[in-house]
Amino acid sequence: MAKARRKSKAQTPSVQRVRRTIPGWLPVVVTVAVCLALAWYGGRYVLASRWKSQAELALHWGKVKEARGLFDQCLQLWPNDGSTLLMAARAAERDHDAAGANRFLERAAQTLPDDVALERTLFRMRQGDLGDAAGMLDGIESQLDDPQSPIILDAIIEGALQSTQTVIAERALSFWDKTLKDDWAVAQSLAWKGELAFRQGMPDVALQQLRTAVGAAPANDQTRLRLAEVLLQYGPQEAKTHLEYLAKKSPGQRDIQIRLASCHRELGEYDEATAILDELLQKSDRDLAAMIERGRVALDLQDLHEAERWFRRAEALAPDHREVILGLVRCLQLAGKPSDAQTYRNKMAQLDANN
């Protein structure tokens, strides 16, 4: 024991000498560096969290482009965060970017494989593949408070409307109405009911529901766009008001520009329609919808040669597209080519029989 104490005492001067060799300012510098590092990481965390919250809110309100931009910013700071990648994939899918959605899901699968598997199922359902819908609805009926229920119902309703499975759409909508928590959810319900009425051949009911939906949630651009789409057939002047509002709010957005060109054509404003479509086709010479609409403008102007040229270009991209075939039938019939027109009528009949 005495030896241990003597040994300890013998070491004390050495320890003191080491302590004296450490500059007095070094602990202060280390402390400051640690605080700065924590502040830097904390600031990044706060910023990424804010972007993520804003992105989720934008997606909730149907502002898909805004949501995608915010998720991209968030992923610059959190490149491997599974939940952010999952939401970014959902935003990409809503923006009709299937390739982008799949890239996000592949990255998210490394940390959230089960959630990614569910998301892939929901993507298929939104496209009309409702093989799992009945079982999911049975499960949701007793779990409407589950946070996942609205997400699943959204996919089922969209898919049911896409594939005109009205019974499934109505059942899912009845569950959705029991989960309503804000103005957006109410407006979304009205919009879906309007879409359902339209597909059931009741455009007057559809317009009433869609107008009410826009009134309930004026910031929901997707609902306003759908109202404008229906109005293109039944009230193009009113449709123009909504489309110009959306075009001003989101300059250059293709989906809006295509509908605005259609609206100009319906109102006989052919120069305006042509200007929009030519600009879209300069950006992408494979824009099928712009080609079809360009052919329709030429048909309305009785420029049959020009109309056929545009429909032939569209046919090269999508030979079995219904609107392309119908455009060619009308164009060829008016051009005095009844046998050619009949060939495309037969093709349409065959496609309808196969479908």
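Colleague: What is the mean pLDDT of the protein chain, and how should I read it?

Modeller: pLDDT is the predictor's confidence in each residue, from 0 to 100. Here the mean is 87, and 87% of the residues reach 70 or more. This is a predicted model, where local features need pLDDT of at least 70, side-chain atom pairs count only at pLDDT 80 or more, and totals for chains, interfaces and linings use all residues. Residues are numbered from 1 along each chain as its sequence is written, and side-chain values use heavy atoms, leaving out hydrogens and water.

Colleague: Which elements have the lowest and the highest mean pLDDT?

Modeller: Helix H1 (residues 2-21) has the lowest, 50, while H16 has the highest, 97. Over residues 1-11 the pLDDT is below 50, and this stretch has zero contacts in the model beyond near neighbours in sequence; a contact means heavy atoms within 4.5 Å. Where pLDDT is low, the predicted coordinates should not be read in detail.

Colleague: How many helices and strands does the protein chain have?

Modeller: Helices (H or I, at least four residues) and strands (E, at least two) are DSSP runs, numbered from the N terminus. The protein chain has 19 helices and zero strands. Among its contacts with a separation of 6 or more, 49% join residues 24 or more positions apart.

Colleague: What share of the residues is buried?

Modeller: Buried means under 20% relative accessible area, exposed over 50%, and partly exposed in between (1.4 Å probe, protein chains only). Of the 355 residues in the protein chain, 42% are buried.

Colleague: Is Glu 229 buried or exposed?

Modeller: Glu 229 is buried, because its relative accessible area is 18%. You will find Glu 229 in helix H12 (residues 221-234). Its side chain makes a polar contact with the side chain of Arg 226, at 2.8 Å. A polar contact is a pair of N or O atoms within 3.5 Å; within protein, one must be able to donate a hydrogen and the other to accept it, and residues adjacent in sequence count only if both atoms are side-chain atoms.

Colleague: What is phi of Thr 164 near?

Modeller: Most residues other than glycine have a negative phi. Thr 164 has a positive phi, near 55 degrees, and lies in the loop between helix H8 (149-162) and helix H9 (166-176). With a relative accessible area of 45%, Thr 164 is partly exposed.

Colleague: And where is Gln 302 found?

Modeller: Gln 302 sits in the loop between helix H16 (288-300) and helix H17 (304-317). Phi of Gln 302 is positive, near 65 degrees. Gln 302 counts as exposed because its relative accessibility is 52%.
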